[in-house]
Amino acid sequence: MPELMTGATADVLAEILAERQRQDAKWGQQDHDPSTWLMVLAEEVGEANQAVFETLFPIYDKRAAQRGPRTLAEYRQELIQVAAVAVAAIESLDRQDQSPG
């Protein structure tokens with residue numbers, strides 16, 4: 001039976017957990033409705049898209065002069081944020097789905 005989680009996967013999941021903790025420290029517990037969570041998630045996906053686009057096509061990066069060229073490391077960090085927001089949405093849904101009984 002293949003191993004379910006590699007060390008690399010565990011490392012990435014630890015980064016996602018750290019990002020979730022950072023988000024909670026900044027914003028507190030968030031309990032949005034599903035449509036709001038999708039908008040937040042879409043915004044994060046848009047940031048990831050922008051990061052990779054500006055890395056691959058630096059001519060279109062309007063802020064490169066101020067901050068320097070984008071890197072795939074920035075794209076990766078945006079993906080960590082996407083994953084953390086998806087986790088937050090699931091956690092929120094689970095909290096809201098808890099019914100007494």
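1. Nine salt bridges are present in the structure, a salt bridge being a side-chain nitrogen of Lys or Arg within 4 Å of a carboxyl oxygen of Asp or Glu. The model is predicted, with local features requiring pLDDT of at least 70 and side-chain atom pairs counted only at pLDDT 80 or more, while totals for chains, interfaces and linings use all residues. Numbering runs from 1 along each chain as its sequence is written, and side-chain values use heavy atoms, leaving out hydrogens and water.

2. One of the salt bridges joins arginine 22 to glutamate 19, with 2.6 Å between the closest N and O atoms. The two residues are three apart in helix H1 (residues 7-27), and are therefore separated by about one helical turn. Helices are DSSP runs (H or I, at least four residues), numbered from the N terminus. Glutamate 19 is buried at 6% relative accessible area, whereas arginine 22 is partly exposed at 41%. Here buried denotes under 20% relative accessible area, exposed over 50%, and partly exposed the range in between (1.4 Å probe, protein chains only).

3. Glutamate 54 and arginine 67 form a further salt bridge through their side chains, at 3.1 Å from N to O. Glutamate 54 belongs to helix H2 and arginine 67 to helix H3 (residues 64-67), so this pair ties together parts that are 13 residues apart in sequence. Glutamate 54 is buried, with a relative accessible area of 6%; arginine 67 is partly exposed, at 34%.

4. Arginine 67 also meets aspartate 61 in a salt bridge, the N to O distance being 2.9 Å. Aspartate 61 is buried, with a relative accessible area of 8%. Through shared partners, salt bridges join Glu54, Asp61, Arg67, Arg70 and Glu74 into one network.

5. Beyond its neighbours within four places in sequence, glutamate 44 is in contact (heavy atoms within 4.5 Å) with Glu78, Gln81, Val82 and Val85.

6. Glutamine 23 lies in helix H1 and is buried, at 10% relative accessible area. With residues up to four places away in sequence set aside, glutamine 23 touches Gly28, Gln81, Ala84, Val85 and Ala88.

7. Two aromatic pairs are counted. Phenylalanine 53 and phenylalanine 57 form a tilted pair, because their ring centres are 5.3 Å apart and their planes stand at 40 degrees. The rule pairs rings of Phe, Tyr and Trp (its six-membered ring) with centres within 6.5 Å; planes under 30 degrees apart are stacked, over 60 edge-to-face, and the rest tilted. Phenylalanine 53 is partly exposed at 37%, as is phenylalanine 57 at 42%. Together with Tyr60, which is placed in the loop between H2 and H3, Phe53 and Phe57 make up one aromatic cluster.

8. A nonpolar surface patch comprises Phe53, Leu56, Phe57, Ile59 and Tyr60, with about 580 Å² of accessible area together. Patches consist of residues with over 30% relative accessible area and no salt bridge, nonpolar side chains (Val, Leu, Ile, Met, Phe, Trp, Tyr) being joined within 5 Å and like charges within 9 Å. Accessible areas come from the Shrake-Rupley method with a 1.4 Å probe, and for residues only the protein chains shown count as cover.
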